[in-house]
Amino acid sequence: MLSEALLVSAPGKVILHGEHAVVHGKVALAVALNLRTFLRLQPHSNGKVGLNLPNTGIKRVWDVARLQLLGTSFLEPGDITTPTPEQVEKLKEMADLPEDSANHKGLAVLAFLYLYLSICRKQRALPSLDITVWSELPTGAGLGSSAAYSVCLAAALLTACEEIPNPLRDGESTSRWATEDLELINKWAFQGERMIHGNPSGVDNAVSTWGGALRYQGGKISPLKRPPALKILLTNTGVPHSTKALVAVVRSRLLKFPEIVAPLLTSIDAISLECERVLGEMAAAPAPEHYLVLEELIDMNQHHLSALGVGHASLDQLCRVTMAHGLHSKLTGAGGGGCGITLLRPDLELPDVEATKQALTSCGFDCWETSISAPGVSVHLATSLDTPVQQALGGL
């Protein structure tokens, strides 16, 4: 078991193109969003396990001895397995959660307990440790916040229990794990996601683990080679939506108007493929005309998504406001409100970006200037993290 503190971060995700069409077997492009979730793991010898989630106000402590007693009775050492309904009930009992705890706070505690017991069970005794997780990502906005949480937990616990080596070498401020270690992190993170979401696609945890950009189609996930980092504005309209209801809207339109809607889905598929091709060219030699193509693809996809019935007045307003500043936006994720992305060309002057952000904020939206194709799960030296992150993790 490691003796010193461990600091890990993982990115969120946005869908660049292909939302909704992916449900009908088309290609989607998912990219790592450089709004990150940070985790600090501090080993102890006090016989306690602590979980602190300052974003949601959760602070829990368990006796290791009690977890050891309950834990070993149902988590047999072996391969990565999906918990049975009985095991989930047992975890809820350990977490002191009510039977019907479907809220994200309770599920975050469950995912932690499951990963802690499953990953640390090979140790002679369960380790004493404190874990604090703080995120720049808003929850419930379709930005992969729960996957980034699961990826951070899996990476930190696997490293602390020496199932995978700590890749950080002397003199380095940040480092990433080797491919086979990332594969193990991803597998465990997927199990954490299952605790939270029941039946996830695996895209969010894959993007958070590997970073960069991924292509997803019919359950198959493949990384794009060296995608360029693109600057964006990410805007949260704050309008709540139900992904399930919006997926149903598209399905009913497809049944009602098959000859109209099927070509729209085929066209969105072509947009994803063209975007993938352009990103491939940009990896070799980015040019101003590439950005013009990306902007056109954004505009066309946004109109298609509105035609599918997943637009919203708040998203129309977002597109109008950014267009008034010469910028191009589309919804990302389920639509019906939620978030939108705006491409920032490299030739933009800082005052133009600031004016756009102010205009969006004055609409009542939350706005972040960030980038996509960010690095995946990473380990950090404490001093390399920004002061706000250090403070949020308990003043390192």
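**Strand pairing, helix packing and backbone features**

Leu234 stands opposite Trp368 in strand 12. The structure is a predicted model, in which local features need pLDDT of at least 70 and side-chain atom pairs count only at pLDDT 80 or more, while totals for chains, interfaces and linings use all residues. Residues are numbered from 1 along each chain as its sequence is written, and side-chain values use heavy atoms, with hydrogens and water left out.

Strand 9 covers residues 230–236. Helices (H or I, at least four residues) and strands (E, at least two) are DSSP runs, numbered from the N terminus. Strand 9 pairs in the antiparallel sense with strand 12 (residues 366–372) over 7 bridges, and pairing requires at least two bridges found by DSSP between the strands. Strand 11 (residues 339–344) also pairs with strand 9 in the antiparallel sense, over 6 bridges. In strand 11, Ile341 is the bridge partner of Leu234.

Two packed helices are described by the angle between their axes and the distance between the axes. Here axes are lines fitted to C-alpha atoms, for helices over the stretch in contact, and angles run from 0 to 180 degrees between N-to-C directions. The axes of helix 3 (residues 104–120) and helix 4 (residues 145–160) come within 10 Å and cross at roughly 25°. Helix 3 is therefore roughly parallel to helix 4, a term for angles under 35 degrees, whereas those over 145 count as roughly antiparallel, 65 to 115 as roughly perpendicular and the rest as oblique. The contact (heavy atoms within 4.5 Å) includes Phe112 and Leu115 of helix 3 and Leu153 and Leu157 of helix 4. Its residues divide into 13 nonpolar, 1 polar and no charged. Nonpolar covers Ala, Val, Leu, Ile, Met, Phe, Trp, Tyr, Cys and Pro, charged covers Asp, Glu, Lys and Arg, and polar covers the others, Gly among them.

The axes of helix 5 (residues 179–197) and helix 6 (residues 203–210) come within 9 Å and cross at roughly 145°. Among the residues in contact are Leu182 and Phe190 of helix 5 and Trp210 of helix 6. By class, this contact has 6 nonpolar, 4 polar and 3 charged residues.

His20, although not a glycine, has a positive phi of about 70°. His20 lies in the loop between strand 1 (6–17) and strand 2 (28–44), and counts as buried because its relative accessibility is 6%.

Conventions: Buried < 20%, exposed > 50% of the residue type's maximum accessible area, 1.4 Å probe, protein only.
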